[in-house]
Each structure stands twice: as structure tokens, then as C-alpha cells.
Amino acid sequence: MTAVTEQAPQQPAPVKKDEETGLVAFLKKPIVARLLFPALFLALWLFVDGLEISKVFPAPDRVAQFMWDELRLETLARTNLYETLGLSLVRLFSGFAVSMVVGTAIGLGMGLSKSVDAFFHDWVMAILAMPALVWALFLGLVFGFGHTGPVLATILAGIPFVIINVREGVRNTPRDLFDMASAFGVPRNRMTRHLLIPSLMPFMFAAARYGFSVGWKGLVLAEVFASDRGMGWMIKFWYDAHRSFAVVGYAFFFVVFAFFLEKFVFDKIYERTFRWRPSAGAIELVEEEVQEHFIDALDPEGASTLPEQLRED
């Protein structure tokens, strides 16, 4: 007689719960999701323009034509786009550099010392609560038209965000690591370089992003009311000329510049600074490998061949 061995039924491959097919999976692709919003925005813009609710409302093609003319230096203003943007960037980076240096120093002091925190806390909250428009009007009255008012408006608009982020970063440093380093006799300069600074870097990047974006808004407002040149003044020029398509066009120049700065400056610096950190994709890949390892460790009948301790867990 020949012995007949029964083969255990093959277990179906596990199906991931997050796997989706069809239109939903297509829409969830990062590149599709990134392009979906501008497409919907353009569709809404065309729809509103078709309603003809206002004669002043600009059409998308008119705005695009104006932006193209500005890029080709065909403008009716006394300064072109590149001169205007260059002047505003000089003011912006000057104010941003001062706000980062001074804000970081004050934030470190507030995070490390309770007395320093008590001295600066109320004033930082007062500056934070003050609208950028008030700073622009006040500095315009005090300093008149020139570089001083817009630069100071950039500093005052961005510095409280830098101070608060740096202070919270110092307060959230891992105290247990500092205690362990002190117990092992690690010098203070090495503790600062290997513990304090790495733990502060995420907060520093948040401070830079907030300080830069808010400082940019403060600068534009100051140039509207306290300058005769710059991007803010250019918007006011086209506003006084009743050219709504030009106002919207310069607003889009702001958006393009912000996207460029975020993608090719902040993101690149962030990736280089935190290259030692595992990316989100790498973490998901490790989790998938661990899950497959545990599935392979189960026999066909479902009885676990893992150690007893892991099965109990």
C-alpha cells in the first residue's frame, strides 16, 4: 500500500488593508493629490469668472498675460519686476537674519533661565499680539519712506515666533540624556553639540519657516504704507491704477517665490540636516518586513512556531 499524505491547504496571501484600487488609489498618489488642488482652484476661478459678478474680477488668461509681460520687462511701472523683487529680498533677508540671531539668543535665555523668561515673556506676547499692519503704519510715520521701516517691520513681525519656538525647543530637550551624559562626565561643549543642538534643530526649522513667512507679510505691508519701492509698493501702484489683474498677478509672484523657497531651499537644508533620520518610507518598509517575517513564522495549520514568550505577548 502506498501512504497517502494530505497536503495542508495553502493559506491565501495576506491582503493589506490599505491597498486600494481604481479611482481612489489614483487620486491618493502624491503627485496626483499635489496637482488636484490647483486644478480645482483653476476650475473654480473659471466658474466665478463666467458668472460675471463683477467687471473688475480678473480673468485667468488676463492675469497670465500680465505676468508674462512683467517677466519680459514690458511694464508700465517705473521699476520692473526684477528690480522690485531684488530690493524686497534684500530687505527681507536683512530683517530675517536679525530676527533669527536675536530671537535665538533670547529664546535660549528664556528656556534656560526662569528669570530671563519672566523678564521677556510679557513683552514677547505683546509683540506677538500686535498686528503687522500696526507696525507698518507706526514705522512709516516714524521713519518715513526708506529701508528702515520695512526692515524693522520684518524683524518685529518674525522675531516673536523665533523666540517662542526656540524656548519651547529648549524646554523639550531630553533631560534624561543630559543626566546620563553628566553622570559619565561628558564635557559641556560636547553635550551642547551632540544633545542640545540636535534636539533644537526641528524647533529651529519651525522658527525659520514661521519667521520668514510672517516677516515677508510684514515687509509687504510696510512697503505698501512706508516705501516708494518694493513688492508691496508695486501692488499699491497697480491698485491705485485699478488694475485688478496686476494685483492678482503680483500675488501669484509671491506664491511662486514661496514655493521655490520651500522646495529648493528649506526642504534641501532640512534633508541635509536630518539625513541621519529614517524617512517615513523607510519606516513603513521596515514594518512590512517585520510583518512578513512574523507571517512566515506561522505553520500552515496556524500553530505558531515562534518562541513561547512572543506568542504570549
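Colleague: How are α9 and α11 oriented to each other, roughly parallel or roughly antiparallel?
Modeller: Keep in mind that this is a predicted model. Two packed helices are described by the angle between their axes and the distance between the axes. Here α9 and helix α11 (residues 244-273) pack at about 165 degrees, with 12 Å between their axes. Angles over 145 degrees count as roughly antiparallel, so the two helices α9 and α11 are roughly antiparallel.

Colleague: And is the crossing of α9 and α11 left-handed or right-handed?
Modeller: The contact draws on residues from both helices, including Phe205, Phe212 and Trp216 of α9 and Phe254, Phe257 and Leu261 of α11. As for the handedness, α9 passes α11 in a crossing that is right-handed.

Colleague: How many residues of each class make up the contact of α9 with α11?
Modeller: Among the residues in the contact are Met201, Ala208 and Arg209 on the α9 side, and Glu262, Asp267 and Thr273 on the α11 side. Sorted by class, the contact has three charged residues, one polar and 12 nonpolar.

Colleague: Of Arg72 and Asp69, which is buried?
Modeller: Their side chains meet in a salt bridge, 2.7 Å from N to O. Buried means under 20% relative accessible area. Arg72 has 38% and is therefore partly exposed. At 16%, the buried residue is Asp69.

Colleague: Which residues are linked with Glu168 in a network of salt bridges?
Modeller: Glu168 and Arg171 both lie in helix α7 (residues 148-171), three residues apart, about one turn of the helix. They form a salt bridge with the closest N and O atoms 3.6 Å apart. Glu168 is partly exposed at 26%, and Arg171 is partly exposed at 39%. The network links Glu168 with Asp117, Arg167 and Arg171.

Colleague: Finally, how many salt bridges does the structure hold?
Modeller: For the structure, the count is 10.

Definitions and conventions:
Residues numbered from 1 in each chain as written. Predicted model: local features only at pLDDT ≥ 70, side-chain atom pairs only at ≥ 80, totals over all residues. Heavy atoms only, no water. Salt bridge = Lys/Arg side-chain N within 4 Å of Asp/Glu carboxyl O. Buried < 20%, exposed > 50% of the residue type's maximum accessible area, 1.4 Å probe, protein only. Helix = DSSP H or I, 4+ residues; strand = E, 2+ residues; numbered from the N terminus. Axes fitted to C-alpha atoms, helices over the stretch in contact; angles between N-to-C directions. Parallel < 35°, antiparallel > 145°, perpendicular 65-115°, else oblique. Left-handed = near helix turned anticlockwise from the far one by under 90°. Contact = heavy atoms within 4.5 Å. Nonpolar A, V, L, I, M, F, W, Y, C, P; charged D, E, K, R; others polar.
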